[in-house]
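Visitor: Hi, could you walk me through this one?
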Amino acid sequence: MQKTLHKKHLEHHKIGPLNFGLIITSDTRTEKTDQTGKLILTLLNRKKHRCFSHQIIKNKINLIRREIKRLSGISDLHLIITSGGTGCGKKDLSIEAAQPLLFKRLDGFGELFRALSFKEIGSSALMSRALLGVSKKGKIICSIPGSPKAVKIALAKLLIPELEHLVWETTR
């Protein structure tokens, strides 16, 4: 398959491996039962990206926001991912925790995520939220649902293919 001009251009912006922090939001998961966190680590580690921090945090907006802020203060950290807490339930607060910390929102991420999810799960995709943006400190903040299928869509199809280019853009 012939590479597009855009993909050839992106090859000049390879800056990996990258450092990331992972926040799993859940009131019930433990390190032992957290399959989603393990999947995220596997997908990013395959690309040689390094996990700096992996926390499971209760679904409380102040706790989630505090951890995102803490990770944002780490100079050589590039990416912060929250997984879980993105639906439409009362306890789903990851988006509300992350959104005020963004300097720039990249709305296409959520739009593409729902479009791809629709192909997998049908109209239930409209209840799913996903967020991608950049903080004032140039950190990429990504909030994705907590199901393994959603993680595969968000990371394998959207974030990972553009991650190094995204970091290059936000740090130049």
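Guide: Below we go through the sheet and then the cores. It's a predicted model, so to speak: local features need pLDDT of at least 70, side-chain atom pairs count only at pLDDT 80 or more, and totals for chains, interfaces and linings use all residues. Residues are numbered from 1 along each chain as its sequence is written, and side-chain values use heavy atoms, leaving out hydrogens and water.

Visitor: In what order do the 6 strands sit in the sheet?
Guide: The open sheet runs β2-β1-β3-β6-β5-β4, with mixed pairing. Strands here are DSSP E runs of at least two residues, helices H or I runs of at least four, numbered from the N terminus; two strands pair if DSSP finds at least two bridges between them.

Visitor: Which strands stand at the edges?
Guide: β2 (50-57) and β4 (102-105); each has a single partner strand, so one side of each lacks a neighbour in the sheet.

Visitor: How many bridges link β1 and β2?
Guide: 7, in the parallel sense, and L22 stands opposite H54 in β2.

Visitor: New topic: which residues have the most contacts inside the largest nonpolar core?
Guide: I40, I81, F109, I144, L155 and L159, in a core of 29 residues. Such a core joins buried Ala, Val, Leu, Ile, Met, Phe, Trp, Tyr and Cys residues through side-chain atoms within 4.5 Å, buried being under 20% relative accessible area (1.4 Å probe, protein chains only).

Visitor: Which element gives the largest share?
Guide: α6, with 11 residues.

Visitor: And what does F109 touch?
Guide: Not counting residues up to four places away in sequence, its contacts include L131, I144 and L159, where contact means heavy atoms within 4.5 Å.

Terms used: Buried < 20%, exposed > 50% of the residue type's maximum accessible area, 1.4 Å probe, protein only.
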